[in-house]
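Subject: Structure for you to look at

Hello,

I am passing on the structure we talked about. My notes on it follow below.

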Amino acid sequence: MTSSPQRRIDVAGLVIALILLGLAGLIWWDMTKLQILSPYDLGPKVMPIIVSLGLTLLAVGNAIGAWKGDLPARDSLDWKPIVLILGGLACLIALIAIGGGFMIGTAILFAATSTAFGRRAFLMDLLIGAAIAVLIYLLFAKLLTLSLPAGPLEHLL
Amino acid sequence: MEAFVSLANGLSVAIQPMNLLFALIGVLLGTAVGVLPGIGPALTVALLLPVTFKLDPAGSIIMFAGIYYGGMYGGSTTAILINTPGESASMATALEGNKMAKAGRGGPALATSAIGSFVAGTIATLGLTFLAPYLVDIAVSFGPEDYFALMCVAFVTVSATFGDSPVRGLTSLFIGLTLGLVGIDILSGQSRLSFGIPELYDNIEVTTLAVGLFAVGEALYVASRRHVHEERLEAVRGSLWMTKEDWKRSWKPWLRGTAFGFPIGALPAGGAEIPTFLSYSTEKRLTKYPEEFGKGAIEGVAGPEAANNASAAGTLVPLLTLGLPTSATAAMLLAGFQQYGLNPGPLLFAEQPNLVWGLIASLFIANGMLLVLNLPLVGLWVRLLAIPQPWLYAGILVFATMGTIAANPSPVELIMLTVFGVLGFLMRRFDFPIAPVVVGLILGPIAESQLRRALSISLGDPMVLLQSPISATLLAIALIALILPFVLKGLGRFKAVED
Amino acid sequence: MTQFRKGLWRSALAAAAVAGFVTSAAAQMELKIMAPAAPGGGWDQTARSMQQALTQSGIAKSVQVTNVPGAGGSIGIAQLVNNSKGDGSQLMVMGYVMVGALLTNKSPITLDQTTPIARLTAEYEAIVVPADSPIKTAKDLAAAIKADPAKVTWAGGSAGGVDHIAAALFAKAAGADPTKINYIPFSGGGEALAAILGGKVTAGISGYGEFESQIKAGKLRLIGLTTPAGKATADLPSIKAQGIDLEIANWRAVVAPPGISADQKKALTDAMDKMAKSKEWQEILKAKGWEDSYVSGDAFAKILAEEQARTKDVLTAVGLVKS
């Protein structure tokens, strides 16, 4: 686990430790609002206390590791595909939330992901995605009689 | 002997052409829905309940049983091929199975899972036939303290999924435990970590977490590294079938997996997840090829798959003998029985022997059918990996989101899937193991509620954990499993010094 | 268990769609019924059965069942009140459990915001003990609780649910402190039943249907049902007839969204009146073993208000609701 020989402080590792510490604090704060109702029950607070304390210790452990630069080496990161995929997912969520149906969203998600993986045929993939969505819709809605979030396109079928 | 006669009678019911047809339809449907993540056998049985209302009870219940077993087979296929466990029980399979598939060994992985499922299903169904009345007494005598002790055993073995850094492994586990806190605490009725969002009151869905971490997280990770590390998938490298070596390495895990799956599946609160993880960690400890674990060890597929299927048969023990549904599918089977005015329970064997034994016999038949159906399909399935990478991952994401939407068409569920996907990506990037998160989510709430129940019953006396012989034994096993590696290490050092 | 809930939930949609094909030409009404819960459970089955009865008897042309699961119905009722205001074709199945869940979940939406239509069915709670228990009657159990409530452990459903409330009411009626009952909630799927059968707890409390086959097989002893005293039979003793003043029913009902016109309310009530009398509905009740407890209109509104008040008292007493 000592992949970086020069032992530089790993900033990302410190951030992780901080996040864990924050999570521990959040659990503790949430725990303080709970009450013990039954005189015989150990109560709902014990588990959050254990988890919170455990996370605090692990935050320290992670911080020490980061301080020593003990984290495994990481490749450089290409943000573009991540943004594309998450954007596709966001489109799907938004379309379902506003009642746009899942088909358009699914088509966009398919095309966005395939673009993220290096294909340069967005329109073509949009069509493929739409075809898959129609197939899934027919399979789920007509054959299995499951109701999927419907929008304008779904009502046409 | 009585069981033999009854079973023979049952076989004569099950091999009636109509019932064979029902069994066939059942296993086909079950495999199909098991392959789709988010849609499992429970849903399928539920879908068919109103349709089968007018059918003959024996036929439709035989079909439901076929769906149950078929779903177990199908669920592992997606776990192995596209790292998308269709159900929480096939999560352990995904760990090694998907690594095997990526190394071009998808064929043997699918084969060992199909044959292992058959072996385990057959042995477990035999167990159901002959041991059910005895097993059920033990199952019912399992109290909350015993379940807590069982969870302790499971927790100790989680470390097998930790990878090479205990700190990072534990961090993953505690993130899982944190997620397990979310929702209404069943024992006090108060909500924890829900921040007033009603959608969070019902706890986090295990499949949403698993699909998010495994499938979405992986897609993000692979996409982010394409510029430095082009992933190349080879559909088939070497033999498509299991080699002699594969057989040699598989048969013991099959049997051990069955030994975990059947009894734990028979426990009213046992479930399928715990035996699969116990099997995984046992195989990791016992293997002669520890260096292969994490890179695609066949033992890591054979064991959990056997455990998964054996637990399905185990679930039928309390269902048929007591009318206790202990899994979602069992609950739907119960609804199926009730639809025909049959009440599973102590009287069912006496009142409806033909039906019960016909069902048990058809389980054997369904198992055989599944093997015959699945093995020829292996070649076809692995071709899926030959789909161009952009389409493969786009398809996986569509699959993952569709499963989630079909399960719960609320945007909140999809947002959770996305958040877990990002979490899975970050954990891969910073080399945190993924599996302990899911294990924490599953085990944490069970361990907590069973301990609290045990202490409520004993009025706060912790000695209850040691007074129950089952609990005391399990705790001793947990302790030994915890200490043994250190002792062995110490001995090893001692020996090394002596040399 | 959540997976279980969701699996069931999906099935309801499916079942709804299947049943939807059975339509009658004579009908004119098009209804939507929301089950604010997972399928397989009581509310969903009720919605599906209503769909079957309404369409087969020709009272409605089509009935669409939707499921909005979550938080004991809190999510479903929020959707009914916020999104369906004034919609005269929308109904929501609900039940006694929702009364408690809305209180314990501190839901901003209350049942007062809905338009009560009718109560349909009721299931009584049963108190059982393991077959070899020294406790034989409700009096024995009451005496044990009065002597030391801590030593009498109850197994039942989730905290704040109807089982919990009934156990607290039993203790109160027995003259013990309801806050001191040792009630242990179990998740569904037979876990509580296993604990009772295994003799891990003193008594179990749940809907009678959960215990029926075990009682008949002699593995559990029925102490009594929470039925009115007049309903007691030799096989099904009433707790009230044994001198413990406890009467509670896990009823199911339908409500409509807020803001519907008087005509719309009347149309919905008439449809329910007709359905309750229909041959199809009566057959379903018989097949499912549901007790007919039909009450509609203002009488139901009054019952709903009374149940809310009583439940709030009990839940406040056990600390789940702050007064």
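The crossing of α11(B) past α12(B) is right-handed. The model is a predicted one. In chain B, helix α11 covers residues 273-286 and helix α12 covers residues 299-322; their axes lie 8 Å apart and the packing angle is about 150 degrees. Angles over 145 degrees count as roughly antiparallel, and α11(B) and α12(B) are therefore roughly antiparallel to each other.

On the α11(B) side, the residues that meet α12(B) are Pro275(B), Thr276(B), Ser279(B), Tyr280(B), Thr282(B), Glu283(B) and Lys284(B). Their partners in α12(B) are Glu299(B), Gly300(B), Gly303(B), Pro304(B), Ala307(B), Asn308(B) and Ser311(B). By class, this contact of α11(B) with α12(B) has seven polar, four nonpolar and three charged residues.

Next, the contact between the chains. Chain A puts 58 residues into it and chain B puts in 51. On the side of chain B that touches chain A, at least two residues come from each of α8 (166-181), α9 (206-224), α16 (389-407), α17 (411-429) and α18 (435-457). The largest share is that of α16(B), with eleven residues. This side of chain B is made up of 29 nonpolar, 13 polar and nine charged residues.

Last, the domains of chain A. Domain 1 runs over 11-68 and domain 2 over 79-156. Taken over C-alpha atoms, the centres of these two domains of chain A are 38 Å apart.

Regards

Terms used: Residues are numbered from 1 along each chain as its sequence is written. Chains are lettered from A and ligands numbered from 1 in the order in which they are written. This is a predicted model: local features need pLDDT of at least 70, side-chain atom pairs count only at pLDDT 80 or more; totals for chains, interfaces and linings use all residues. Domain bounds come from an automatic or database domain assignment. Axes are lines fitted to C-alpha atoms, for helices over the stretch in contact, and angles run from 0 to 180 degrees between N-to-C directions. Helices (H or I, at least four residues) and strands (E, at least two) are DSSP runs, numbered from the N terminus. Angles under 35 degrees count as roughly parallel, over 145 as roughly antiparallel, 65 to 115 as roughly perpendicular and the rest as oblique. A crossing is left-handed if the near helix is turned anticlockwise from the far one by less than a right angle, and right-handed if clockwise. Two residues are in contact if their C-beta atoms, placed from the backbone, lie within 7 Å. Ala, Val, Leu, Ile, Met, Phe, Trp, Tyr, Cys and Pro count as nonpolar, Asp, Glu, Lys and Arg as charged, and the others, Gly among them, as polar.
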